[in-house]
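Here is a short report for a reader new to this structure. Please look over the sequence and the model before reading on.

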Amino acid sequence: MKKPFDIDLALKLISEAVHAFPKAAMFELAEQGFGSPFEQLIACMISIRTYDEVSLPTARKLFARARTPDEVSQMSSTEIDSLISASTFHERKAEQILAIARRIMEEFDGNLPCDSETLLSFSGIGPKCANLVLGIACGQPFISVDIHVHRVTNRWGYVKASTPEKTMVALEGKLPREHWTDINRLLVPFGKHICTGERPRCSACPVLEMCQQVGVSQKR
Ligand code: SF4
C-alpha cells in the first residue's frame, strides 16, 4: 500500500538525493554567470536535442566570442555555426540565433524583455525554453517541462498526461507555485540518474513509498 503523494516532501527528498549529481544545464550556466535572459535563451536553443555534456561547453564557446544581442547580431550565421557545430541542428540554430539577436536590437533596443509572448514569437523557441528563461533569468514562476519532468511526474501518478505540453498544463493546475521553477532543476538530474528512462533505480529512490510507478515494468 502506497502512501499519499506529498509533493513538498518528495521534492525535499529529491533535492537531497541529487545534491551530488551535475546540475541541470541552464541552472549550471546561470551559476557560472551566464544568467541573462538572452544567454539563457540562446543556451537553451543550443541544448535542444543535444546532451548537456555537449551543449554546456558549446554555449560557453559561443559566449566567449559574443554574449549580448549587440555582439551576436554583428556576427555571420556561418561564424555562429562554426562555434556551435557540436550541437544538433547547428546550422538552423545558427540562423535562428542570429535572427533573434537582430530582432532584439531592432525591436527592443538590445534588451530582451521578460515576456512570454515575445519569447515564444522567436522561431525555434517553444514553451520549454521560454519558461526556463522566465524562471531562471527573470525570477518569475514558470514550469519548464522537458522529457525528464514529463516522465517522472507521470510515473509518480501525480499527473496523467500523454505529452510534455499536456504535463505542463496539468502541473500548472496542481503544483504549488513555490515549486514551479525548481521542479525542472530537481527532476532533470533525478531523471538522468535515478528515475531513468529505462529500468529506473526504484530500489535506491527516496520517494518509492509514495510513487505509483505508473508504466514501470522493469526496474532496478
Ligand atoms: S520509485 Fe521508481 S518510478 Fe517512482 S520516482 Fe522512484 S525511480 Fe521513478
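Contact here means heavy atoms within 4.5 Å.

## Basis of the model

This is a predicted model, in which local features need pLDDT of at least 70, side-chain atom pairs count only at pLDDT 80 or more, and totals for chains, interfaces and linings use all residues. Residues are numbered from 1 along each chain as its sequence is written, and side-chain values use heavy atoms, with hydrogens and water left out.

## T50 and its loop

T50 lies in the loop between α3 (37–47) and α4 (52–65). Helices are DSSP runs of H or I with at least four residues, numbered from the N terminus. T50 counts as buried because its relative accessibility is 11%. Buried means under 20% relative accessible area, exposed means over 50%, and partly exposed is in between (1.4 Å probe, protein chains only).

Leaving aside neighbours within four places in sequence, T50 is in contact with S55, A86, S87, T88 and K93. With S87 there is also a polar contact, side chain to side chain, at 3.4 Å. A polar contact is a pair of N or O atoms within 3.5 Å; within protein, one must be able to donate a hydrogen and the other to accept it, and residues adjacent in sequence count only if both atoms are side-chain atoms. T50 and H193 are 143 residues apart in sequence and 17 Å apart in space, C-alpha to C-alpha.

## Helix α10

Helix α10 is mostly covered, with 9 of its 10 residues buried. Those buried residues pack against α1 (7–17), α11 (164–172) and α12 (182–193). At the start of α10, a side-chain oxygen of D146 comes to within 3.1 Å of the backbone nitrogen of H148. Just after the helix, G157 takes a positive phi of about 85°.

H148 belongs to α10, which covers residues 147–156. H148 is buried, because its relative accessible area is 14%. Its side chain makes a polar contact of 3.1 Å with the side chain of R151. An α-helix has 3.6 residues a turn, so residues three or four places apart point the same way. Not counting residues up to four places away in sequence, H148 touches L187, V188, G191 and K192.

## The segment after α12

T196 is found in the segment after α12. T196 is buried, with a relative accessible area of 12%. Its side chain reaches the backbone oxygen of E198 at 2.9 Å. Leaving aside neighbours within four places in sequence, T196 is in contact with R151, R155, G191, R201 and R220.

R199 is also in the segment after α12. R199 is partly exposed, at 42% relative accessible area.

## Positive phi values

Most residues other than glycine have a negative phi. R199 has a positive phi of about 40° although it is not a glycine. F89 has a positive phi too, near 55°. F89 lies in the loop between α6 (77–83) and α7 (90–108), and at 44% relative accessibility F89 counts as partly exposed.

## Around the ligand

Which residues are around the ligand? They are R155, W156, F190, C195, P200, C202, C205, V207, L208, C211 and V216, where a residue counts if one of its heavy atoms lies within 4 Å of the molecule. R155 and W156 are also among the buried residues of α10.

By class, this shell has 10 nonpolar, no polar and 1 charged residues. Ala, Val, Leu, Ile, Met, Phe, Trp, Tyr, Cys and Pro count as nonpolar, Asp, Glu, Lys and Arg as charged, and the others, Gly among them, as polar.

Key:
Helices (H or I, at least four residues) and strands (E, at least two) are DSSP runs, numbered from the N terminus.
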